[in-house]
Amino acid sequence: MIPWLEVDTPFPDVETALLEKDGAAGLLAAGADLSAERLLDAYQHGIFPWFSEGQPVLWWSTDPRMVLRTADFKLSDSLKKTLKKTGKDPRWEYRFDSAFEQVMRACAAPRRDGAGTWISEEIVAGYCALHAAGYAHSSEVWLDGELVGGAYGVCIGRMFYGESMFAKVSDASKIALAHLVFFLRENDVEMIDCQQQTAHLASLGARPISRSDFIAHLQHAISLPPILNWTPITWVNK
């Protein structure tokens with residue numbers, strides 16, 4: 001059984017999360033709310049929310065943990081060509097944080113494969129509150145003044161936690177991620193938390209590490225000074 005959290009109940013130790021044999025590997029607790037304060041506390045302890053519409057808030061701490069070290073980001077030859085091409089075309093623009101809620105809602109929209117979304121109105125409200133507090137950020141790709149791709153996540157100190165991406169035109173989500181990675185690398189962010197293991201993330205250079213190694217890294221990273229200037233940097237064969 002996992003513990004039920006009231007609004008003022010602290011999180012249990014992540015080592016008490018369920019195991020694979022329990023049928024829900026990494027599930028730690030349920031309940032509480034998605035206030036900015038609760039979300040910040042969760043991320044600082046290596047915990048994240050993930051649940052479907054109609055379920056209570058479910059809190060997870062997976063082991064192993066999928067992470068992307070910014071130094072290991074794999075930039076394919078085709079994506080390099082795309083970045084060079086779009087970087088020279090004035091119709092394309094890259095921004096951070098100019099349309100955070102719009103990025104979230106685009107990530108929440110139904111996918112072409114018909115898959116549902118876990119980004120509920122409760123999730124949108126919680127992360128918009130984090131954005132207003134300066135902890136949640138969006139990487140945006142604009143084409144002819146229209147938002148066509150993006151990614152968003154949470155940054156505490158020099159630790160970034162990736163949440164979701166979307167694309168309305170080919171490769172737009174990868175472009176948004178690439179510009180985010182370049183920026184984070186230049187600002188001494190060594191690791192992006194990817195939470196879940198997928199083949200797509202692995203193709204970009206992400207790999208699983210133990211939860212203990214992940215927690216050790218984030219404890220150091222969140223103690224570092226926050227990034228104050230969120231301005232995309234120009235990609236030059238990075």
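In this predicted model, the side chains of R211 and E15 form a salt bridge, with an N to O distance of 3.7 Å. R211 belongs to helix 7 (residues 211–221) and E15 to the loop between strand 1 (4–5) and strand 2 (27–31), so the pair ties together parts that are 196 residues apart in sequence.

**Salt bridges**

- The count of salt bridges comes to nine.
- E15 and R211 also belong to a network of salt bridges that includes D63.
- R105 pairs with E101 through a salt bridge of 2.9 Å, N to O.
- R105 and E101 are four residues apart in helix 3, and are therefore separated by about one helical turn.
- In general, an α-helix has 3.6 residues a turn, so residues three or four places apart point the same way.
- Both side chains of that pair are partly exposed, R105 with a relative accessibility of 36% and E101 with 38%.
- R105 also meets the side chain of E121 in a salt bridge, at 2.7 Å from N to O.
- Because R105 lies in helix 3 and E121 in helix 4 (residues 121–132), this second pair ties together parts that are 16 residues apart in sequence.
- E121 is exposed, with a relative accessible area of 51%.

**Nonpolar cores**

- The largest nonpolar core holds 53 residues, of which W59, I119, Y127, Y152 and F214 touch the most other members.
- Helix 3 (residues 100–108) gives the most to this core, contributing six residues.
- Another core, of 32 residues, lies apart from the largest one, and M66, W92, V148 and F160 are among its members.

**Surroundings of F214**

- Leaving aside residues up to four places away in sequence, F214 touches G46, R65, V67, M159, Y161, M191, D193 and I209.
- One of these contacts, G46, follows just after helix 1 and takes a positive phi of about 75°.

**Helix 1**

- Helix 1 spans residues 36–44.
- The buried residues of helix 1 are A36, R38, L39, L40, A42 and Y43.

Note on methods. Residues numbered from 1 in each chain as written. Predicted model: local features only at pLDDT ≥ 70, side-chain atom pairs only at ≥ 80, totals over all residues. Heavy atoms only, no water. Core = buried A, V, L, I, M, F, W, Y, C linked by side-chain atoms within 4.5 Å. Buried < 20%, exposed > 50% of the residue type's maximum accessible area, 1.4 Å probe, protein only. Helix = DSSP H or I, 4+ residues; strand = E, 2+ residues; numbered from the N terminus. Contact = heavy atoms within 4.5 Å. Salt bridge = Lys/Arg side-chain N within 4 Å of Asp/Glu carboxyl O.
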